Amino acid sequence: MTNRDMEILEFLTLSRICTRKQVQELLFENKHQNVPLRRLKRLADDGYVNRKMFKVENTRSVYVYYLDKKPSKKLVEHDLYITDFLVKLIKNKAYENKTTFTENIIDLTFNDKYKYHDLRPKNRNQRTSHL
């Protein structure tokens, strides 16, 4: 397993669901789309991740990668929008670790029992003074 594979698994642990395009945007920028596709396929073939085709945004079907419970057809687009949001936060260095954003603007928690993210604005009184 490569370091990039570990980065993919870390990201998927955080996001719980993603597409090749999202992985490419975050971890394989400036690489051909086949590079992340090969890594994701290898992780799926080796049993580290699961994948299933979903029709997203009325386009052709794309593979959606996930770790445990298969995503709901009704919620897959919504979950992928959340993943898009996380990708943007991480790329813009607004994300410090799995539960805290550097500027204390947003709380992110993940409920393992119900498999959902909770994104909430911080109380205005708790924000840092340099915002």
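Figure 1. Tyr-65 is buried, with a relative accessible area of 0%. This view, like the others, comes from a predicted model. A search of the whole structure finds one aromatic pair. Its members are Tyr-63 and Tyr-65, with ring centres 6.2 Å apart. Their planes meet at 45°, so the pair is tilted. An angle under 30 degrees would count as stacked, and one over 60 as edge-to-face. Tyr-63 has a relative accessibility of 29%, so Tyr-63 counts as partly exposed. Two values describe such a pair: the distance of the centres and the angle of the planes.

**Figure 2. The whole chain.** The protein has four helices and five strands. Along the sequence they follow the pattern α-β-α-α-β-β-α-β-β. Of the 131 residues, 31% count as buried. Now take the contacts with a separation of 6 or more: 46% of them join residues 24 or more positions apart.

**Figure 3. The largest nonpolar core.** This core has 15 residues. Which of them have the most contacts inside the core? They are Ile-8, Phe-11, Cys-18, Val-23, Val-49 and Tyr-65. The helices α1 (3-15), α2 (20-27) and α3 (34-45) each supply at least two residues of this core. A second, separate core holds six residues, including Phe-54, Val-56, Val-64 and Leu-80. In soluble globular proteins, nonpolar side chains tend to be buried together.

**Figure 4. Ile-8 and its contacts.** Ile-8 is among the residues with the most contacts inside the largest nonpolar core. What does Ile-8 touch, leaving aside its neighbours within four places in sequence? Its contacts are Val-23, Leu-27, Phe-28, Arg-39, Leu-40 and Leu-43.

**Figure 5. The buried side of α2.** Four residues in α2 are buried: Gln-22, Val-23, Gln-24 and Leu-26. The buried residues of α2 pack against α1, β1 (17-19), α3 and α4 (76-91).

**Figure 6. Gln-22, a residue of α2.** Gln-22 lies in helix α2. Is Gln-22 buried or exposed? Its relative accessibility is 3%, so Gln-22 counts as buried; the cut-off for buried is under 20%. Set aside residues up to four places away in sequence, and Gln-22 touches Ile-17, Leu-80, Thr-83, Asp-84 and Val-87.

Figure 7. Thr-83 counts as buried because its relative accessibility is 0%. Asp-84 is partly exposed, with a relative accessible area of 30%. Leaving aside neighbours within four places in sequence, Thr-83 is in contact with Phe-11, Ser-15, Ile-17, Cys-18 and Gln-22. How far apart are Asp-84 and Val-23 in sequence and in space? They are 61 residues apart in sequence and 9.9 Å apart in space, C-alpha to C-alpha.

**Figure 8. The largest pocket.** The largest pocket has a volume of about 570 Å³. Its lining is made of 22 residues. Thr-19, Arg-20, Lys-21, Val-62 and Tyr-63 lie nearest its centre. Which elements give two or more residues to the lining? They are α2, α3, β3 (61-66) and α4. Helix α4 gives the most, with five residues. By type, the lining divides into eight nonpolar, six polar and eight charged residues. Rolling a probe the size of a water molecule over the atoms shows where empty space is left.

**Figure 9. Two loop residues with positive phi.** Most residues other than glycine have a negative phi. Arg-16 has a phi near 70°, a positive value in a residue other than glycine. Where is Arg-16 found? Arg-16 is in the loop between α1 and β1. Asn-30 is not a glycine either, yet its phi is positive, at about 70°. Asn-30 lies in the loop between α2 and α3. Its relative accessibility is 80%, so Asn-30 counts as exposed; the cut-off for exposed is over 50%.

Terms used: Residues numbered from 1 in each chain as written. Heavy atoms only, no water. Core = buried A, V, L, I, M, F, W, Y, C linked by side-chain atoms within 4.5 Å. Buried < 20%, exposed > 50% of the residue type's maximum accessible area, 1.4 Å probe, protein only. Contact = heavy atoms within 4.5 Å. 1 Å grid on protein atoms, 1.4 Å probe; cavity = no way out; pocket = protein on both sides within 12 Å on 5 of 7 lines; lining within 4 Å. Points joined across faces, edges and corners; volume = space filled by probe spheres on them. Nonpolar A, V, L, I, M, F, W, Y, C, P; charged D, E, K, R; others polar. Phe/Tyr/Trp six-rings, centres within 6.5 Å; stacked < 30°, edge-to-face > 60°.
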